[in-house]
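Here's a quick tour for anyone opening this structure for the first time. Have a look at the sequence and the 3D view, then come back for the notes below.

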Amino acid sequence: MADLGLKLGFLSPHNNRLCFNGFLPCRRIGFPSLSSKVIKIGDFSCSIDRPMKLNVNRTGKREHHLWMKRDSAGSGQKALNLVRIVSRLPNEKEAVYEALDKWTAWETEFPLIAAAKSLEILRKRNQWLRIIQVTKWMLSKGQGLTMGTYDTLLLAFDMDGRLDEAEAMWDTILQTHTRSVSKRLFSRMISLYDHHQMPNKIIEVFADMEELGVKPDDDTVKRIARAFGNLGEAEKRNQVLRKYERKWKYLHFNGERVRTRTTPRWDG
């Protein structure tokens, strides 16, 4: 039996054990990651290699990047605290900026979420002057440079009657973000000029929208058409309505969403 095993190559001629690799005679080589188990069958013994489970303790340095942290926990309370602080201040730039600097003195990063929530609270309370002060302070720190912040600031300028500052801000936005100005900001400026009855300015903003390929929403289309009508340009008014007015609208009837055709508002 042993001679037959040697001839077929299953047995090692050195230690009379079955080889691990099968058909070629070999000497079993031990690896540090393998453990051997010997099974005896009669006069024969075979060795089975199996992987060992090694407990490896990985000791690495875990780095904590403060600039990647965006924790909103407690941001609501911080926002209310900011609203209380600015509501008690006099209308002086130095006093407001000093108080806001103290508000962020012990922060490891700028509390952008809390500041955005505070602007929303001030907006609901119609405290437009405080919104202007807080937003200008944020922009001076290089924070909150988003379309949402610009929209809030333009609205505050509109409601506070600061048209010159709104136009200067709008020119800066167009120069800085020419191709990425959102439809929302265009609509905000057209709404601002419509609020103050300035149809010529509405047409200028609409020309920028046409040049940049920005499609106005329904309310903006109505304001643009009204501006052309106030200027006595009925043909251009009709062109705007034909091009941008929605042909269909959706109504809810008996719990279902129904598509209906709108009534054209242009002449001819």
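Predicted model: local features only at pLDDT ≥ 70, side-chain atom pairs only at ≥ 80, totals over all residues.

**The chain as a whole**

- The protein chain has 268 residues, and 32% of them are buried.
- Its secondary structure comes to 11 helices and 5 strands.
- Take the contacts with a separation of 6 or more: 49% of those are between residues 24 or more positions apart.

**Salt bridges**

- In total, the count comes to 13 salt bridges.
- One of them joins the side chains of E107 and K78, at 3.5 Å from N to O. This pair links distant parts of the chain, 29 residues apart: K78 is in helix α2 (residues 75-87), while E107 sits in the loop between α3 (93-103) and α4 (112-124).
- How exposed are these two? E107 is partly exposed, with a relative accessible area of 30%, and K78 also counts as partly exposed, at 30% relative accessibility.
- E167 pairs up with K201, their closest N and O atoms being 3.8 Å apart. E167 lies in helix α7 (residues 163-176) and K201 in helix α9 (residues 199-212), so this bridge ties together parts that are 34 residues apart in sequence.
- K201 itself is partly exposed, with a relative accessible area of 27%, which falls between the 20% limit for buried and the 50% limit for exposed.

**A closer look at helix α2**

- Helix α2 has 13 residues and reaches 18 Å from its first C-alpha to its last, close to the 18 Å expected at 1.5 Å a residue.
- Which residues of α2 are buried? They are S75, A79, L82, V83 and V86.
- Seen down the helix axis, the buried residues of α2 fall within an arc of 100°, so they line one face of the helix.
- Here's some background that helps: an α-helix has 3.6 residues a turn, so residues three or four places apart point the same way.
- And what does that buried set pack against? The buried residues of α2 pack against α3, α4 and α5 (128-140).

**Inside the protein**

- The largest nonpolar core has 52 residues, and L154, W170 and F186 touch the most other members.
- As a general point, nonpolar side chains in soluble globular proteins tend to be buried together.
- Leaving aside neighbours within four places in sequence, L154 is in contact with A166, M169, W170, I173, L185, R188, M189 and L192.
- T135 is a residue of helix α5. Is T135 buried or exposed? It is buried, with a relative accessible area of 0%.
- Not counting residues up to four places away in sequence, T135 touches L119, T149 and L153.

Definitions and conventions
Residues numbered from 1 in each chain as written. Heavy atoms only, no water. Salt bridge = Lys/Arg side-chain N within 4 Å of Asp/Glu carboxyl O. Helix = DSSP H or I, 4+ residues; strand = E, 2+ residues; numbered from the N terminus. Buried < 20%, exposed > 50% of the residue type's maximum accessible area, 1.4 Å probe, protein only. Core = buried A, V, L, I, M, F, W, Y, C linked by side-chain atoms within 4.5 Å. Contact = heavy atoms within 4.5 Å. Expected span 1.5 Å × (residues − 1). Arc of directions from axis to C-beta.
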